[in-house]
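Please look through the sequence and the model shown here.

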Amino acid sequence: MNERVSSIVDALFHDVIRTDEVKAMHDELMDNCQTRYADLLREGVSEEDAIAAVLESLKGMEEVIGKYPKKENKTTEEAQETQEAQEETYHDRAFDTQEIDTIKVIMSAADVILAPSADEKVHVIWDGEMDPLIDLMGGTLNISQQEKQNRRKQSDEDFVFSGKNIWNMIRQSLSGHIHYVEQVTVTVPEHIQPKVTVLTSAGDLKAHDVRLTSFRYNSSSGDLDADRLSCDETATINTASGDVKARHLLVKESMKVDAVSGDVRIDGTCPELALTIVSGDGDVDGHFRRVQTKCINGDMTMSFGTEIQQITAKNTNGDITVYLPKEIEKINLGQQSSLRNINCNGFCFSDEGPVVELKALTGDINIRRING
């Protein structure tokens with residue numbers, strides 16, 4: 001059984017109540033997709049093209065599945081009661097910054113917020129009846145769910161980001177047997193830049209106005225919303241089913257983003273960016289030197305400043321559009337470019353200028369100037 005196919009099918013059902021009818025539909029769809037994928041491989045189709053074919057066969061299924069009852073579908077009155085309960089169970093623990101160089105947050109269904117601190121200390125703020133596990137050892141502040149040590153003995157350093165692992169975490173976190181913390185906020189003072197790792201299953205992450213040494217985010221079905229996130233070294237993002245939005249981003253070394261199902265928007269500054277999307281649109285805008293993107297089912301749009309030196313983009317089923325500033329007049333089309341479906345007016349082809357290698361199997365390629 002292919003894990004990427006499993007992740008894609010499971011993502012369609014992750015927020016639907018598992019009735020007998022839904023389970024039967026899920027199992028039948030999983031079997032059909034796995035069989036189709038295996039048949040295509042036997043016919044000599046590449047793995048990426050086989051994945052693209054599976055995704056194409058699932059068009060319309062999200063609308064069908066969306067008609068079934070959703071999990072945690074609360075009324076306004078229930079939501080108000082939940083909010084009041086959270087206010088009554090609000091907790092805050094503070095830590096001196098001299099003791100912390102790394103922060104690791106491992107959550108199940110809880111949302112995580114990274115925000116600037118109002119004082120000179122690191123704060124861990126949460127709500128709910130069950131407290132998270134919080135410990136500070138060897139300069140590392142660990143924050144996790146109570147069930148972590150019973151259900152998952154692995155450290156996050158050993159965690160393999162795969163369909164099997166992440167969707168097992170979803171099933172555990174949404175099982176309804178444990179009352180989970182619904183939101184954890186970690187505040188970071190401006191004068192420190194810790195290394196931060198956040199691992200969630202069904203929770204979202206918001207990171208606003210924080211400066212870090214490095215940033216790592218793994219999620220199965222959560223969204224990432226980052227605004228004015230700064231990293232002195234690297235940033236790594238892995239999502240199975242969730243959107244990634246990073247605005248005013250500043251990463252000084254390199255950034256890598258892998259998304260199975262969801263749209264990705266990167267706006268900021270980074271010397272090197274590697275972006276892979278299985279199903280979803282990609283949008284890159286900002287100041288980069290080298291960018292490498294791969295998309296199986298979706299459109300890729302990129303806009304660059306004069307710093308750009310190399311662009312490598314491959315799309316299986318979707319368009320590629322690149323916007324370059326007016327200062328760039330010459331481009332070097334690499335040997336891997338798809339010359340048959342490329343639209344490139346107003347640029348001179350030369351050995352000078354940025355290297356642009358663009359390849360689209362079924363879509364169009366456009367290289368345009370930025371207006372103004």
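Strands β5 (residues 133–137) and β6 run antiparallel and are joined by 5 bridges; strands are DSSP runs of E of at least two residues, numbered from the N terminus, and two of them pair if DSSP finds at least two bridges between them. This is a predicted model, in which local features need pLDDT of at least 70, side-chain atom pairs count only at pLDDT 80 or more, and totals for chains, interfaces and linings use all residues. Residues are numbered from 1 along each chain as its sequence is written, and side-chain values use heavy atoms, with hydrogens and water left out.

Met 137 has Thr 140 as its bridge partner in β6. The hairpin of β5 and β6 has 2 residues between the strands, and Gly 138 takes a positive phi near 55° there. Strand β2 (residues 102–106) runs parallel to β6, again with 5 bridges, and Thr 102 has Thr 140 as its partner.

Strand β6 (residues 140–144) is largely enclosed by the rest of the structure, because 5 of its 5 residues are buried, that is, under 20% relative accessible area with a 1.4 Å probe, protein chains only. In a regular strand the side chains alternate between the two faces of the sheet. From β6, Thr 140, Asn 142 and Ser 144 point one way, while Leu 141 and Ile 143 point the other way.

Elsewhere, Thr 293 lies in strand β16 (residues 282–297) and is buried, at a relative accessible area of 2%. Of the 372 residues of the chain, 49% count as buried.

Note on methods:
Helix = DSSP H or I, 4+ residues; strand = E, 2+ residues; numbered from the N terminus. Buried < 20%, exposed > 50% of the residue type's maximum accessible area, 1.4 Å probe, protein only.
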